[in-house]
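Have a look at the model first, and then follow the notes below.

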Amino acid sequence: MFGKTILLLLLASTLARPQVLSSLFRPPELNLCSSPSQCCDANTIEVQGEATLQVKPDTTSLSASITASGKTTSAAVSALSLLVDAIIRILKNNGLCEDNFSTSNFNVYPNTTWKDGVSTVNGQIASQSLLVRVPSVEGPKISRLIDDLASVNGISLNSLSFDIKDKTVSYQKARNLAFQNALSKAKDYGEALYMKVGKVLNLRDSLG
C-alpha cells in the first residue's frame, strides 16, 4: 500500500547563525515554489514524503470474457445467455452470490472470414465480460473455481489479482508514515540551512 504526502512548510529565519562565520553572513533563503504567489514568503520549503506498507490481501479478483456464435444475432445472443447461466451456476456452487460477480461490455459483431480479398459473413458472435470477486485468497478454493470455470467452452480467463476489500486502516497508516517522512526531510533541510521548521502551510494527499 503506497502513500504519498507533499508538505509545504515555513522555515523560520530568526534562528541563531553559526559563530564561525563572519558578521556579513546572512541566513540563506530557500524558495522552492514555482511562483511567489504560491508561498507566504521566501522562507518556505516543499518536500514529498512516501510510505509503503506490506498488507496481506483478503480478496481475489478474476476477470474473464465469454463468447458464443450463431447463424443469426438472436442465435448468438441465446447461446451466450446459456453460457452465462452455466457460469453463474458454477459460481454459486463455489459459494458465491450475485454480489460477488458482475457482467459488462456486451457486444455482437459479424463472424467474418476472408478469402482472396473477399469477406464472407458466416454468422454472428456475441461476447460479454465477467468480473468475479472472491472474498478469499485461499489457494485450493481459488484453484477449484478456476478449474470449474475453465470447463465451460467459450470462456477465456484473462487475469487474476489480489486486493484488500477495506483499505481504510491501511490508508490511515500510509498517510501517517508519509507525513512523518516528509516532516523528517523538511527538518533535515532546516538543519542544513541553520533554520527551524515552522507550521505546515499546505498539504496534498495522493491517496485522495
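## Salt bridges and a helix contact

The side chains of D163 and K167 form a salt bridge, with N and O 3.3 Å apart. A salt bridge here means a side-chain nitrogen of Lys or Arg within 4 Å of a carboxyl oxygen of Asp or Glu. By this rule there are four salt bridges.

This is a predicted model, in which local features need pLDDT of at least 70 and side-chain atom pairs count only at pLDDT 80 or more, while totals for chains, interfaces and linings use all residues. Residues are numbered from 1 along each chain as its sequence is written, and side-chain values use heavy atoms, with hydrogens and water left out.

**The D163 and K167 pair**

- D163 is partly exposed, because its relative accessibility is 35%, and partly exposed covers the range between buried (under 20% relative accessible area) and exposed (over 50%), using a 1.4 Å probe and protein chains only.
- K167 has a relative accessibility of 24%, so K167 also counts as partly exposed.

**The R175 and D205 pair**

- R175 makes a salt bridge with D205, and their closest N and O atoms are 2.5 Å apart.
- This pair joins distant parts of the chain, with R175 in helix α3 (residues 168–192) and D205 in strand β7, 30 residues apart.
- Helices (H or I, at least four residues) and strands (E, at least two) are DSSP runs, numbered from the N terminus.
- R175 has a relative accessible area of 27% and is therefore partly exposed.
- D205 counts as partly exposed because its relative accessibility is 30%.

**The R204 and E46 pair**

- A salt bridge brings together the side chains of R204 and E46, at 2.8 Å from N to O.
- Here too, distant parts of the chain are linked: R204 belongs to strand β7 (residues 196–205) and E46 to strand β2 (residues 44–52), 158 residues apart.
- R204 is partly exposed, because its relative accessibility is 42%.
- For E46 the relative accessibility is 29%, so E46 is partly exposed as well.

**N181 and its contacts**

- Which residues does N181 touch, leaving aside its neighbours within four places in sequence? They are Q48, G49 and E50, where contact means heavy atoms within 4.5 Å.
- N181 lies in helix α3, and with a relative accessible area of 27% N181 is partly exposed.
- N181 and G49 are 132 residues apart along the chain, and their C-alpha atoms are separated by 4.9 Å.
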